[in-house]
Number of protein chains: 4
Amino acid sequence: MKVLVTGFGPYGGYSENPSGEAVGLLPEVAAKELPGLELVTAVLPVSFRRAREELLGLLDSERPDAYVGVGLGPGAAHLRIERVAVNLADARTPDEDGEQPVDEPIDPEGPAAYFSTLPVKAIVRRLREEGIPAALSYSAGTFLCNYVMYLGLHHSSRRGYPLRAGFVHVPLSHRQAASLGRDWSGIPPSMSVETVVRGLLVVLRVAVERFEAGDERVTV
Amino acid sequence: MKVLVTGFGPYGGYSENPSGEAVGLLPEVAAKELPGLELVTAVLPVSFRRAREELLGLLDSERPDAYVGVGLGPGAAHLRIERVAVNLADARTPDEDGEQPVDEPIDPEGPAAYFSTLPVKAIVRRLREEGIPAALSYSAGTFLCNYVMYLGLHHSSRRGYPLRAGFVHVPLSHRQAASLGRDWSGIPPSMSVETVVRGLLVVLRVAVERFEAGDERVTV
Amino acid sequence: MKVLVTGFGPYGGYSENPSGEAVGLLPEVAAKELPGLELVTAVLPVSFRRAREELLGLLDSERPDAYVGVGLGPGAAHLRIERVAVNLADARTPDEDGEQPVDEPIDPEGPAAYFSTLPVKAIVRRLREEGIPAALSYSAGTFLCNYVMYLGLHHSSRRGYPLRAGFVHVPLSHRQAASLGRDWSGIPPSMSVETVVRGLLVVLRVAVERFEAGDERVTV
Amino acid sequence: MKVLVTGFGPYGGYSENPSGEAVGLLPEVAAKELPGLELVTAVLPVSFRRAREELLGLLDSERPDAYVGVGLGPGAAHLRIERVAVNLADARTPDEDGEQPVDEPIDPEGPAAYFSTLPVKAIVRRLREEGIPAALSYSAGTFLCNYVMYLGLHHSSRRGYPLRAGFVHVPLSHRQAASLGRDWSGIPPSMSVETVVRGLLVVLRVAVERFEAGDERVTV
């Protein structure tokens, strides 16, 4: 089974992005833990135009069986397994190229939303069993994270591949949260990048198991 | 320098207590990282009577230079370095012996409060520099955590030892939080026990450095 | 202009439902403040089957120009103007008839989602200008609230009326939150029912203004 | 019975202060609802030096039986009845006169803390019974709110009057929260000033009842 996993690079006030850090660490760990998996990873720029080009290019050149997008969800205290991507780009701040779509559809011809085609509940259940805090989420926002999730699912729907696609939001890294503490008493929630990597491995393991089992009811 | 560090055992609905787990892991790690430190650790029962007996017994038998209490703060998303202990026991639930003091002073002859005599701001600053999320807190509650913090500082004030005392609240462990997820969308904040151990090492390192430097303004 | 506004009745552990309370108070206030508005209100049962029957019955018998669903969002601290309804019923608890759909589509033939066709950003802007805390939300959950929002928009899409539909989540009432305080230190966020009624009036006023202006770009 | 109630004026980024607004509205309402109460109110400046002067001046000139300080607690979603004031001024930002004490005692000769001498649990219980969200709090911070609470209790302890003193933290007003909404999706918790006024009346009513009953166990 071949899986494409993407994280994101730094943006805005964040000089590091734990999604990109974790995805960068994933190949070495996955090679040991999931030897049968063919893993392709990329760190996408926080740019609507360039992220789209890179993602669609990878989907077409690699033709993965599954696509798992990973992105930073500041404020999250656990892994958020996203269940819905909406056909909307509505950015509160410009992306790294200065583009700021407001109330624009991602694809004017596309449906209003796609549900994740990863087995989202099985993933949450397994993550918790393995001691990694995780929960379902029903909104991936309206910035880059929702954008690549929608693009992956839209591509899957129109072209037939990847067969499965979904998205995982990760907390700030401990290092980021520690550096963001503006005063003595406040600090945002966070998770170690090591735990995020362990969590992504679980996501991949569940996806691989379902793929190999040929299970139809994959999304739950 | 000799330091007493205590955690707590299981209580109420919590079959594990990450404070006790972390304190249990501390000696092996501290032996490597802080070889000059004489470390005494204990896991106290969540019982007002027995925790008091064990703590006061250890303070008198070991006569440590410093005492660091550690306890679980459900809801915390980072290490909370407590700055104030109050002369009040007011339990929402019974302790493990069925005792439930309500609106009772810890010591009718004691002062209303003690400030931590650990260098609390230096500890928060160093924790953040080392990428461990931490913040000051001004309330350790009115259950066992505040109780042992008050007892340690009261003992220090009356007997002259330990010279320094304070308390650290730690989040739920990832494993606990994962098991507490009652539905698909909710889960409390948490931290890995490994990160808690690394944090406690930083607390000890700062305390040792200050102790060896003989710095007077130790509490900031 | 004719508008249908629905709230919900009590359910689960909530002996009162502020959405139903507020909708019950709305006609008298709206008669004074929005004299040109023809307002139809109903309090729906927290039952998938009966709520569907009552709502579709009202939409067909009253043929309103707009439909505004209102429901309780425990945990909300402000009015949440919902922007997306998804084709999913996934109940954590049974409804008042004991039905508990899990991972079921609301309509197997329907699209994955609908965007609200109320002017959601104009509504949030106006609410804030009038001193009422409000924000956009991108998930109405997967219980009754999302259900009636999806049904209203689906009906609009297939039958052509109501022209506009959307949903507002409201906080617990002060009275509810006060009664839910389980111990001395904790209590969930809440809002007075009077403030909710004032907020719903603003929602209706913006909807009426847009309707009368014939503005095309109504959803923003 | 004579009670002094103080709120605060605007400070920092807050052009309004709901504590001062509510205290300004209190006399007219209290005249109707608590006719036997002699009420003195003042809005203190957010300045350590001037707040101290005004408060101590009022305590000495008015010699009230009780003192209730009221202040803004940004982030609070309910009335917080403070139980502890600590002998510490530690400001994250300068006050309105540009003074910024850091790690300074309020009175180098004073005790580390005072417990509120208002019947704090009876107040929380009554507030909840009357449908007003309230809870105990064990930290009034280390800025002006804790400062006036400590000063009031310190004065009471040394001079014998007021007999009772305490502090109430109130949420942002709805108007403030609405104006602070920085983007479409986020807004801090808040409460209407009318509800705050109703809550303060309950605080005064409980205090008066206890005073008239001569109840000894007043603080619980």
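1. K121(A) belongs to helix α3 of chain A, while D90(C) sits in the loop of chain C between β5 (84-86) and β6 (113-115). Side chains of opposite charge can pair when their charged atoms come close. Please keep in mind that this is a predicted model. Over all chains, the count comes to 64 salt bridges.

2. Next, the interface of chain A with chain B. Chain A brings 29 residues to the contact and chain B brings 28 residues. The area buried between chain A and chain B is about 2,300 Å², and carbon and sulfur atoms give 60% of that area. On the side of chain A, R128(A), H174(A) and W184(A) supply 34% of the area buried against chain B, more than any other three residues. If you want a quick look at this interface, those residues of chain A are a handy place to begin.

3. How many salt bridges are there between chain A and chain B? The count is 0 salt bridges. Polar contacts are present, though: 6 residue pairs between chain A and chain B are in polar contact, both residues being at pLDDT 80 or more. As for where the side of chain A comes from, the elements giving two or more residues to it are α3 (120-129), β7 (134-137), α5 (174-180) and β10 (190-191) of chain A. Helix α3(A) gives the largest share, 5 residues. By residue class, the side of chain A that touches chain B divides into 13 nonpolar, 8 polar and 8 charged.

4. Now the interface of chain C with chain D. Here 29 residues of chain C and 29 residues of chain D take part in the contact. About 2,300 Å² is buried between chain C and chain D, with 60% of it from carbon and sulfur atoms. In chain C, the residues that lose the most area to chain D are R128(C), H174(C) and W184(C), and together they make up 33% of what that side buries.

5. On the side of chain C that touches chain D, two or more residues come from each of α3 (120-129), β7, α5 (174-180) and β10 (190-191) of chain C. The largest share, 5 residues, is that of α3(C). The residues on this side of chain C divide into 13 nonpolar, 8 polar and 8 charged.

6. Turning to the fold of chain A, there is an open sheet of 6 strands in the order β2-β1-β3-β8-β4-β7, with mixed pairing. Which strands are at the edges of this sheet? They are β2 (38-44) and β7 of chain A, each pairing on one side only. Neighbouring strands are turned by 25 degrees against each other on average, direction ignored. Strand β1 (residues 2-8) of chain A runs parallel to β2(A), and 7 bridges join them. Within that pairing, G7(A) has V43(A) in β2(A) as its bridge partner.

7. Helix α3(A) lies across β4 (79-82) and β7 of chain A and runs at about 160 degrees to β7(A). Helix α4 (residues 144-159) lies across β1, β2, β3 (66-72), β4 and β8 (164-170) of chain A, at about 170 degrees to β8(A).

8. Finally, the sheet of chain C. It is an open sheet of 6 strands with mixed pairing, in the order β2-β1-β3-β8-β4-β7. Its edge strands are β2 (38-44) and β7 (134-137) of chain C, and the twist averages 25 degrees from one strand to the next. Strand β4 (residues 79-82) of chain C pairs with β7(C) in the parallel sense over 4 bridges, and I81(C) stands opposite L136(C) in β7(C). Helix α1 (residues 18-33) of chain C lies across β1 (2-8), β2, β3 (66-72) and β8 (164-170) of that chain, running at about 150 degrees to β1(C).

Definitions and conventions. Residues are numbered from 1 along each chain as its sequence is written. Chains are lettered from A and ligands numbered from 1 in the order in which they are written. This is a predicted model: local features need pLDDT of at least 70, side-chain atom pairs count only at pLDDT 80 or more; totals for chains, interfaces and linings use all residues. Side-chain values use heavy atoms; hydrogens and water are left out. Contact means heavy atoms within 4.5 Å. Buried area is the accessible area (1.4 Å probe) that two parts lose on being put together, summed over both. A salt bridge is a side-chain nitrogen of Lys or Arg within 4 Å of a carboxyl oxygen of Asp or Glu. A polar contact is a pair of N or O atoms within 3.5 Å; within protein, one must be able to donate a hydrogen and the other to accept it, and residues adjacent in sequence count only if both atoms are side-chain atoms. Ala, Val, Leu, Ile, Met, Phe, Trp, Tyr, Cys and Pro count as nonpolar, Asp, Glu, Lys and Arg as charged, and the others, Gly among them, as polar. Two strands pair if DSSP finds at least two bridges between them. Axes are lines fitted to C-alpha atoms, for helices over the stretch in contact, and angles run from 0 to 180 degrees between N-to-C directions.
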